[in-house]
Amino acid sequence: MARWGHLGAILSVGLAACVFPAHAESAYVPLVRDYVEQRIRPLVETPLVLSAIAEQNAKFVNVSEMDMRVLDEAYRSEIGQDHLQMVKLLLDKSVSHYLKARQDASQGAIVEFFVTDAHGLNVGQSIITADYWQGDEEKYLKTFANGSREIFIDRAERNESTQMLETQASFVVLDEADRPIGVAIVTIAIDAL
């Protein structure tokens with residue numbers, strides 16, 4: 001009898017694995033994917049954004065990883081200080097003003113909106129980001145560095161200050177010739193969709 005009980009437990013676990021696979025997509029993922037495809041991607045695929053990314057790619061064509069780390073350190077050291085020279089220069093770009101306007105018009109759905117160059121260095125951003133170089137983070141590694149054309153949607157988390165459920169979605173930005181030139185990253189308030 002104990003033998004059948006053990007077999008029943010194994011069958012139950014096996015059946016549960018088939019019905020509820022471990023890699024099952026969270027319920028918010030299709031909603032976020034649709035929002036990004038329908039609302040965010042068209043905002044990124046504009047001449048203003050594409051030319052800003054192309055210009056920075058040309059400027060940093062031979063940048064080393066050490067240089068990127070130094071730039072990132074300089075940017076992060078400014079955050080929390082009154083003197084925000086590098087941060088201010090980035091926020092004053094026309095592409096940053098454009099991304100901020102799109103965030104403001106999203107009725108609370110977009111919490112943060114920024115684009116990077118081919119190295120993962122920020123080109124434009126709607127608000128002050130935590131860092132300048134995204135090249136060592138999943139948002140870049142699972143998209144541009146991986147050669148993926150899929151939208152990477154990170155795990156959702158509750159924002160402590162707003163209590164909104166948020167996730168970050170990223171995708172490769174393509175130029176007019178369908179070549180990858182950077183990454184678009186958007187933090188989305190799922191509750192506002």
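## One face of helix H6

Let's start with helix H6 (94-104), whose buried residues are Val-95, Ser-96, Tyr-98, Leu-99 and Gln-103. Buried means under 20% relative accessible area, with exposed over 50% and partly exposed in between, using a 1.4 Å probe and protein chains only. Seen down the axis of H6, these buried residues fall within an arc of 160 degrees, so they line one face of the helix. The arc is that of the directions from the helix axis to the C-beta atoms. Here's a handy bit of background: an α-helix has 3.6 residues a turn, so residues three or four places apart point the same way.

What covers those buried residues? The cover includes H2, H3, helix H5 (85-91), E1 and strand E2 (122-125). These labels are DSSP runs numbered from the N terminus: helices are H or I with at least four residues, and strands are E with at least two.

## What you're looking at

This is a predicted model, where local features need pLDDT of at least 70 and side-chain atom pairs count only at pLDDT 80 or more, while totals for chains, interfaces and linings use all residues. Residues are numbered from 1 along each chain as its sequence is written, and side-chain values use heavy atoms, leaving out hydrogens and water.

## The nonpolar cores

A nonpolar core is a set of buried Ala, Val, Leu, Ile, Met, Phe, Trp, Tyr and Cys residues joined through side-chain atoms within 4.5 Å. The largest one here has 30 residues, and Val-44 is among those with the most contacts inside it. Which helix gives the most to this core? That's H2, with 7 residues.

Leaving aside neighbours within four places in sequence, Val-44 is in contact (heavy atoms within 4.5 Å) with Val-49, Leu-50, Phe-113, Phe-171, Val-173 and Ala-184. There's also a second, separate core of 10 residues, including Phe-60 and Met-68.

## A buried polar residue

Now hop over to Gln-168, which is found in strand E5. Gln-168 is buried, with a relative accessible area of 15%. Its side chain joins that of Thr-187 through a polar contact of 3.0 Å. Such a contact is a pair of N or O atoms within 3.5 Å; within protein, one must be able to donate a hydrogen and the other to accept it, and residues adjacent in sequence count only if both atoms are side-chain atoms.

Finally, Arg-41 lies over the face of Phe-171, at 4.3 Å from the ring centre. The cut-offs for a charge over a ring are NZ of Lys or CZ of Arg within 6 Å of the ring centre and within 35 degrees of the ring normal.
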